[in-house]
There are 2 protein chains.
Amino acid sequence: MYYIGIDLGGTNIAVGAVNEEGRIIAKTETPTLASRPYPELVKDMAACARRVMEEAHITEDDIHSIGIGIPGVASKDGMVIFCTNLGWRNVPIRAEIQQYINKPVFVDNDATVAGWAEYQAGVSRGTNSSVFLTLGTGLGSGIIINGKIWAGAHGAGGELGHVVLEVDGVPCTCGKRGCAERYCSATAIIRMAREACSDAPNCAIMRAVNGDMDRINAKVVFDAAKEGDSVAVQVFNSFIKYLTIDINNVISFLDPEMIILGGGVSRAGDFLLDAVKAALPEYLFYPTLGCPELRLASLGNEAGIIGAALLGKE
Amino acid sequence: MYYIGIDLGGTNIAVGAVNEEGRIIAKTETPTLASRPYPELVKDMAACARRVMEEAHITEDDIHSIGIGIPGVASKDGMVIFCTNLGWRNVPIRAEIQQYINKPVFVDNDATVAGWAEYQAGVSRGTNSSVFLTLGTGLGSGIIINGKIWAGAHGAGGELGHVVLEVDGVPCTCGKRGCAERYCSATAIIRMAREACSDAPNCAIMRAVNGDMDRINAKVVFDAAKEGDSVAVQVFNSFIKYLTIDINNVISFLDPEMIILGGGVSRAGDFLLDAVKAALPEYLFYPTLGCPELRLASLGNEAGIIGAALLGKE
């Protein structure tokens with residue numbers, strides 16, 4: 001059997017046909033055009049699904065199910081409860097897509113879906129429990145316990161970005177203060193770098209962006225830190241400290257078999273991973289007990305399609 | 001069948017025989033005398049188990065299993081890995097007790113065991129997921145997911161007291177800083193009250209303890225807050241704020257069906273519960289989604305025996 005995976009992003013809708021092994025055998029994409037009424041958007045999803053089926057030379061009979069990863073919260077019965085980027089509330093996406101392709105439809109949060117992809121076909125395959133962290137604009141997460149997705153009793157779990165790491169800390173876009181994603185994300189690195197650069201106009205970060213603070217991003221900071229620029233090293237170390245404490249919180253809370261770092265910031269690879277691994281022992285509550293394996297995500301952007309597709313395998 | 005439950009505390013060992021419904025039908029206790037070599041202590045456990053069997057008019061044939069709740073970390077194969085109060089490391093408690101009573105032996109952390117008791121025979125019976133918080137000297141926790149205890153892949157999970165709530169915050173006994181139990185425990189209430197009282201020598205708290213700060217405890221603070229003393233109200237509100245943020249963190253992380261407050265501080269009952277319930281909506285990431293039911297523990301001190309006994313039912 002094959003599985004259709006739909007990765008619904010704010011900019012593009014990426015759709016793929018995925019085989020039993022979790023490999024994409026055909027894929028396509030189309031602009032989201034997020035301001036459209038949702039029925040038009042869903043119609044495009046279905047058209048993309050048909051296109052990948054054709055391309056993969058498979059028919060509807062070969063399809064087990066359709067899975068959709070959304071940047072929001074879904075209910076077990078296939079409703080999108082919230083999807084802030086798209087301005088969606090209570091959208092019956094399952095029923096809508098079944099008008100075009102009458103197959104079982106599963107919907108889940110995009111970070112959860114990415115964690116599920118790594119568990120089904122990536123780095124955490126074979127583990128029993130894992131927590132996937134996406135270090136991007138925000139901090140997303142996907143929790144797997146006993147081989148199953150855990151998104152909470154009401155769908156509000158696995159929101160590690162909004163676990164408070166500093167009471168009364170940095171104001172968050174969610175209205176609270178001190179949420180973990182204010183400290184453990186690309187956005188956090190940029191904020192910390194801008195603060196540091198305002199006192200150091202000649203540092204390597206500022207040279208790299210020709211003095212334009214709006215051009216600072218995580219890669220610029222990491223590259224300057226690799227070169228040994230003292231301002232960049234300070235920002236990098238500060239980010240690593242917060243991220244390591246956050247990872248240690250995952251351990252004290254759930255102690256999964258594996259913790260996976262994904263998202264744009266994780267493209268820094270071993271430079272990031274080695275720094276976290278070096279800092280972690282200082283924060284462990286049980287330093288002599290075994291500790292989750294810390295790994296980089298392996299599926300990159302394809303995790304969105306693969307994980308969504310394989311929701312039908314849960 | 002019946003189950004033997006052993007609640008191993010720093011001061012007393014409490015032992016009970018528990019029936020299928022989770023009711024204690026006979027119990028006894030003996031001083032722990034923690035400095036003794038562990039074989040002597042385990043011998044006393046076995047003697048107490050024999051005593052409750054006699055008292056309950058049951059024999060070894062009626063016993064399904066023996067469960068032990070310890071203030072520390074246990075492994076799946078019946079070893080006590082750490083038990084700081086008792087100075088234990090790698091104690092083969094299962095093998096030791098089986099010399100006296102040859103039945104299956106299960107060992108787990110005391111807060112986990114209390115959460116299991118509430119799930120099997122108390123307030124969270126019938127739920128699928130719950131997080132139990134013991135607000136005592138420290139902050140302990142027990143996590144149930146899909147009807148099973150979750151203590152982590154290496155036994156280091158469910159340590160919510162050592163999840164960091166404030167980076168670089170109040171130093172913790174564990175060596176880290178800002179751990180949740182520094183803000184959400186009887187110890188935290190006492191610390192905050194002492195700080196507040198040092199500027200307010202005539203407040204109701206100080207009057208209640210005749211000016212002796214060493215006599216301040218959570219009950220004194222809560223009683224003064226109930227009377228409306230402004231210093232006590234300020235300490236109480238501060239505690240409620242931290243506890244509510246911590247509870248909200250449990251929601252953003254796991255979103256269980258129910259969150260249960262137990263331990264000495266929870267004896268404040270509805271005064272505590274109502275304050276947390278009133279504060280919680282301000283911190284919810286998804287205020288319009290369903291939210292875990294917040295309840296007080298129902299089994300009190302008996303949770304230790306009942307939960308340990310029913311470990312054999314997992």
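Q: Which residue takes a positive phi in the hairpin of β5(A) and β6(A)?
A: That's Gly78(A), with a phi near 80°. The hairpin has 5 residues between its strands. Strands here are DSSP runs (E, at least two residues) and helices are runs of H or I (at least four residues), numbered from the N terminus.

Q: Before we go on, what sort of model is it, and how do the labels work?
A: It is a predicted model, where local features need pLDDT of at least 70, side-chain atom pairs count only at pLDDT 80 or more, and totals for chains, interfaces and linings use all residues. Residues are numbered from 1 along each chain as its sequence is written, while chains are lettered from A and ligands numbered from 1 in the order in which they are written.

Q: Thanks! How do β5(A) and β6(A) pair?
A: In the antiparallel sense, over 2 bridges; two strands count as paired if DSSP finds at least two bridges between them. Ala74(A) has Val80(A) in β6(A) as its bridge partner.

Q: And which strand do 3 bridges join to β6(A)?
A: That is β7 (residues 88-91) of chain A, which runs antiparallel to β6(A). Phe82(A) stands opposite Arg89(A) there. These two strands form a hairpin as well, with 4 residues between them and a positive phi of about 65° at Gly87(A) in the turn.

Q: New topic: what are the domains of chain A?
A: Domain 1 covers 2-120 + 302-313 and domain 2 covers 126-296, with bounds from an automatic or database domain assignment. Their centres, taken over C-alpha atoms, are separated by 28 Å.

Q: How many residues does each domain put into the contact?
A: Domain 1 of chain A gives 16 and domain 2 of chain A gives 15. Residues are in contact if their C-beta atoms, placed from the backbone, lie within 7 Å. On the domain 1 side, α3(A) has the largest share, with 9 residues.

Q: What about chains A and B, how many residues are in that contact?
A: 40 residues come from chain B and 40 residues from chain A. Helix α7 (residues 230-253) of chain B gives the most to the chain B side, with 6 residues.

Q: How can chain B be laid on chain A?
A: By a turn of 180° and a shift of 0.0 Å along the axis, with an RMSD of 0.0 Å. The copies are superposed by least squares on the C-alpha atoms of residues with pLDDT of at least 70 in both. That is the relation of a two-fold axis. The same surface serves both copies, as 100% of the contact residues of chain B recur in chain A.

Q: Which residue of chain B comes closest to the rotation axis?
A: Glu166(B), whose C-alpha is at 2.2 Å.

Q: What is the strand order in the open sheet of 5 strands in chain B?
A: β11-β10-β9-β12-β13, with mixed pairing. β11 (148-149) and β13 (293-296) of chain B stand at the edges, each with a single partner strand, so one side of each has no neighbour in the sheet. Inside the sheet, β9 (residues 130-135) and β12 (residues 258-262) of chain B run parallel and are joined by 5 bridges. Thr134(B) has Gly262(B) as its bridge partner in β12(B).

Q: Last one: is Pro37(B) buried or exposed?
A: Pro37(B) is exposed, because 8 other C-beta atoms lie within 10 Å. The cut-offs are 20 or more for buried, 12 or fewer for exposed and partly exposed in between, with C-beta atoms placed from the backbone. Pro37(B) lies in the loop between β3 (24-31) and α1 (38-55) of chain B.

Terms used: Contact = placed C-beta atoms within 7 Å.
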